[in-house]
Amino acid sequence: MATDELSSKLSRRLQIEDGAEEPVVVDEGGQGHENGAGEEKAATANADSELGAKLMRRGELNDGVGEHQQPSMKVFNPYTEFKEFSRKQIKDMERMFKQYDAGKDGFIDLMELKLMMEKLGAPQTHLGLKNMIKEVDEDLDNKLSFREFLLIFRKSAAGELAEDSGLSVLARLSEIDVSTEGVKGAKTFFEAKVAAVNAGSQFEAEIRQEQEEKKKQAEEKKQRQAAFKNLQSAFK
């Protein structure tokens, strides 16, 4: 009902503007007619605005820009994005990151970074901690994601950090060597990337080594279980 009335009013207004219909003549002495015309005009204007908004919203949904659109999720793979580091180095960095991610939310905030630097024996001031985060905080959320944490070691390996900066101290005290194994002594990040391209076979070898170690551990576990069963049967 409301939709039909709205369409009728909009159609009538368009006909008046096109000259197809004469506007309603208002009696000068009839205050009631004037009020009625004013109310009708205001209602028509509001209806026009409301209909326009609905049509625009419908167009946005059809074009995929409305609320029904699913946000795109970009998957971060440290092994492909940080090829200048070996798998072992990245795992060591991930282990360290998780160790100080006390909130287990996938980020290291200012207080967690404060605790990290204190544990490393290099406490920082509040301003110093904020500057450390700011230097690699690409999304400006005032905390470190794992990717931004890896950027610290990338910058350190490429010689892009000031010697006395908090991030340089963090990388130096973390006991994760990125100066030779990861970048093959490269002085700049560009050289590091070139060196990383030639290290593809090493990456595959590391995967095979991990698989062999897991296989060996499984075999040792199987042998221990068999020995335990034999020991149990001896006492029966």
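Please bear in mind throughout that the model before you is predicted.

Gly166, Leu167, Ser168, Val169, Leu170 and Ala171 are the residues of α8 that are buried. Because 6 of the 8 residues of this helix are buried, α8 is largely enclosed by the rest of the structure.

Let us turn to one of these partners, α5. Two packed helices are described by the angle between their axes and the distance between the axes. Here, the axes of α5, which covers residues 110-119, and α8 come within 10 Å and cross at roughly 55°. An angle of that value makes α5 oblique to α8. The crossing of the two helices is left-handed. By class, the contact of α5 with α8 has 5 nonpolar residues, 1 polar residue and no charged residues. On the α5 side we find Leu113, Met116 and Met117, and these meet Gly166, Val169 and Leu170 in α8.

Next, consider the region that follows α8. Serine 174 belongs to the loop between α8 (166-173) and α9 (189-197). Is serine 174 buried or exposed? Its relative accessible area is 10%, and a residue under 20% counts as buried, so serine 174 is buried. The side chain of serine 174 reaches back to the backbone oxygen of alanine 171, at 2.9 Å. Alanine 171 is itself among the buried residues of α8. Setting aside residues up to four places away in sequence, serine 174 touches Met96 and Phe153. Also just after α8, glutamate 175 takes a positive phi of about 65°.

Finally, I would draw your attention to glutamate 135 in helix α6, which spans residues 126-136. Which residues does glutamate 135 contact, leaving aside its neighbours within four places in sequence? They are Lys155, Leu161 and Leu167. Of these, Leu167 is one of the buried residues of α8. Leucine 161 stands 26 residues from glutamate 135 along the chain, and the C-alpha atoms of the two are separated by 9.5 Å. Glutamate 135 has a relative accessible area of 36%, so this residue is partly exposed.

I thank you for your attention.

Notes: Residues are numbered from 1 along each chain as its sequence is written. This is a predicted model: local features need pLDDT of at least 70, side-chain atom pairs count only at pLDDT 80 or more; totals for chains, interfaces and linings use all residues. Side-chain values use heavy atoms; hydrogens and water are left out. Helices (H or I, at least four residues) and strands (E, at least two) are DSSP runs, numbered from the N terminus. Buried means under 20% relative accessible area, exposed over 50%, partly exposed in between (1.4 Å probe, protein chains only). Contact means heavy atoms within 4.5 Å. A polar contact is a pair of N or O atoms within 3.5 Å; within protein, one must be able to donate a hydrogen and the other to accept it, and residues adjacent in sequence count only if both atoms are side-chain atoms. Axes are lines fitted to C-alpha atoms, for helices over the stretch in contact, and angles run from 0 to 180 degrees between N-to-C directions. Angles under 35 degrees count as roughly parallel, over 145 as roughly antiparallel, 65 to 115 as roughly perpendicular and the rest as oblique. A crossing is left-handed if the near helix is turned anticlockwise from the far one by less than a right angle, and right-handed if clockwise. Ala, Val, Leu, Ile, Met, Phe, Trp, Tyr, Cys and Pro count as nonpolar, Asp, Glu, Lys and Arg as charged, and the others, Gly among them, as polar.
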